[in-house]
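Trainee: Could you take a close look at one part of this model for me, and then connect that part to other places in the chain?

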Amino acid sequence: MKRFAALILALSLSSVAQAADSFKICWSIYVGWMPWAYGAEQGIVNKWADKYGIDIEVVQINDYIESINQYTAGEFDACTMTNMDALTIPAAGGVDSTALVVGDFSNGNDGVVLKGKDKLADIKGQQVNLVELSVSHYLLARGLESVGLSEKDLTVVNTSDADMVAIYGTDDVTAVATWNPLLSEITSMPNSTKVFDSSMIPGEIIDLLVINTETLKANPKLGKALVGAWYEIMSVMSGSDKAGVDAKTHMASASGTDLAGYEAQLASTEMFYTPAAALDLTNSEKLLATMEHVANFSFDHGLLGDGAPDAGFIGIEMPAGTFGDKGNIKFRFDPSYMTMAAEGKL
């Protein structure tokens, strides 16, 4: 009986250990995040997981905001998201989160499109469909500043990214703010003009893989496996050889376009194909200034929580310094794993 009880205990502990070494990350369709789909399907993620003796499940979530909500609720250990959304959803929700991979910044992949008009100023008085309080909202606000308008001059209509293309196709919708591949599909529709995009605010909309800080601290091997897999994928897709073309063709198909369409999206994305390139931005003073700008926008729109007294309520830790409350750091840019990749130490 004792031996039986001991066996049950051993099996139970083994099960717990196995569960503790299993992790889940989620992603949604976007040009800079398609590499995760490719890496999962081609076995690159599994290869790096095996190297560190862990399991990593990569899951696609069709609704972008829902993917971040599920991460924030603890259903995933890591998730793809932008710098602003990392601050305003998990960090503002009290979940200490770390930008593990700084993948790219949008350099035209996010935009504002008008139907039947060709200047941003023409947006005045219109209803604008967008994912409310997302980077599309941030982009719109920055665009409005450039033409002397504010959100008081229009009406924002909250719309899921999953519905954006279909809704734009209706007669009642005349203005949207969204991201690729939706942006490309919408701008290709008749009588549609992109009147403002993220190339006009370079380096402000940054695409990340964000991981739970406590999970990362307890499982550095997970950080190493994810970063190692990412830069192996980057080395493949950045090549001009058959392997690179095949990789991008795969990503194109998975995102609902063809190779030419995907390459057009890449052309408006400042991809960091090497860890050194990612570290240039991560370690820069510009990142510090950008996150202060993002925090100010977020506070002005009530995204830092009802109890936030100012834009610095949530501390954001970066290599160049910390913006906000150092006693309430909930969002961190950790360059250490990308540095290991740059030094060949993964």
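Mentor: Let's start with L133, which sits in the loop between β6 (127-130) and α6 (135-146). Helices (H or I, at least four residues) and strands (E, at least two) are DSSP runs, numbered from the N terminus. This is a predicted model, in which local features need pLDDT of at least 70 and side-chain atom pairs count only at pLDDT 80 or more, while totals for chains, interfaces and linings use all residues. Residues are numbered from 1 along each chain as its sequence is written, and side-chain values use heavy atoms, with hydrogens and water left out.

What draws the eye to L133 is its backbone: phi is near 65°, a positive value in a residue other than glycine. Most residues other than glycine have a negative phi, and most peptide bonds are trans. L133 has a relative accessible area of 30%, so it is partly exposed; buried means under 20% relative accessible area, exposed over 50%, and partly exposed in between (1.4 Å probe, protein chains only).

N191 has a positive phi too, near 65°, and it is not a glycine. Its place is the loop between α8 and β9 (192-197), and its relative accessible area of 56% makes N191 exposed. The peptide bond from N180 to P181 is cis, with omega near 5°.

Two packed helices are described by the angle between their axes and the distance between the axes. Axes are lines fitted to C-alpha atoms, for helices over the stretch in contact, and angles run from 0 to 180 degrees between N-to-C directions. The axes of α2 (residues 34-41) and α10 (residues 220-237) come within 10 Å and cross at roughly 100°. α2 and α10 are therefore roughly perpendicular to each other (angles under 35 degrees count as roughly parallel, over 145 as roughly antiparallel, 65 to 115 as roughly perpendicular and the rest as oblique). From α2, the contact uses P35, W36, Y38 and G39, and from α10 it uses L226, W230, I233, M234, V236 and M237. Sorted by class, the contact of α2 with α10 has nine nonpolar residues, one polar and no charged ones; Ala, Val, Leu, Ile, Met, Phe, Trp, Tyr, Cys and Pro count as nonpolar, Asp, Glu, Lys and Arg as charged, and the others, Gly among them, as polar.

α10 packs against α11 as well, at an angle of about 110° and with the axes 7 Å apart. That angle makes α10 and α11 roughly perpendicular to each other. Here α10 brings I233, V236 and M237, while α11 brings A243, G244, A247, K248 and M251. The tally for α10 with α11 is six nonpolar, one polar and one charged.

Now for the interior. A nonpolar core is a set of buried Ala, Val, Leu, Ile, Met, Phe, Trp, Tyr and Cys residues joined through side-chain atoms within 4.5 Å. The largest one has 115 residues, and I56, I123, F331 and F333 touch the most other members. It is α10 that gives the most to this core, with ten residues. F333, leaving out residues up to four places away in sequence, touches N83, A99, V102, L208, T282, L287, M291, I316, E317, M318 and P319.

A311 lies in the loop between α14 (285-300) and β12 (315-318), and with a relative accessible area of 10% A311 is buried. Apart from residues up to four places away in sequence, A311 touches A295, N296, F299, L304 and F323.

Conventions
Contact = heavy atoms within 4.5 Å.
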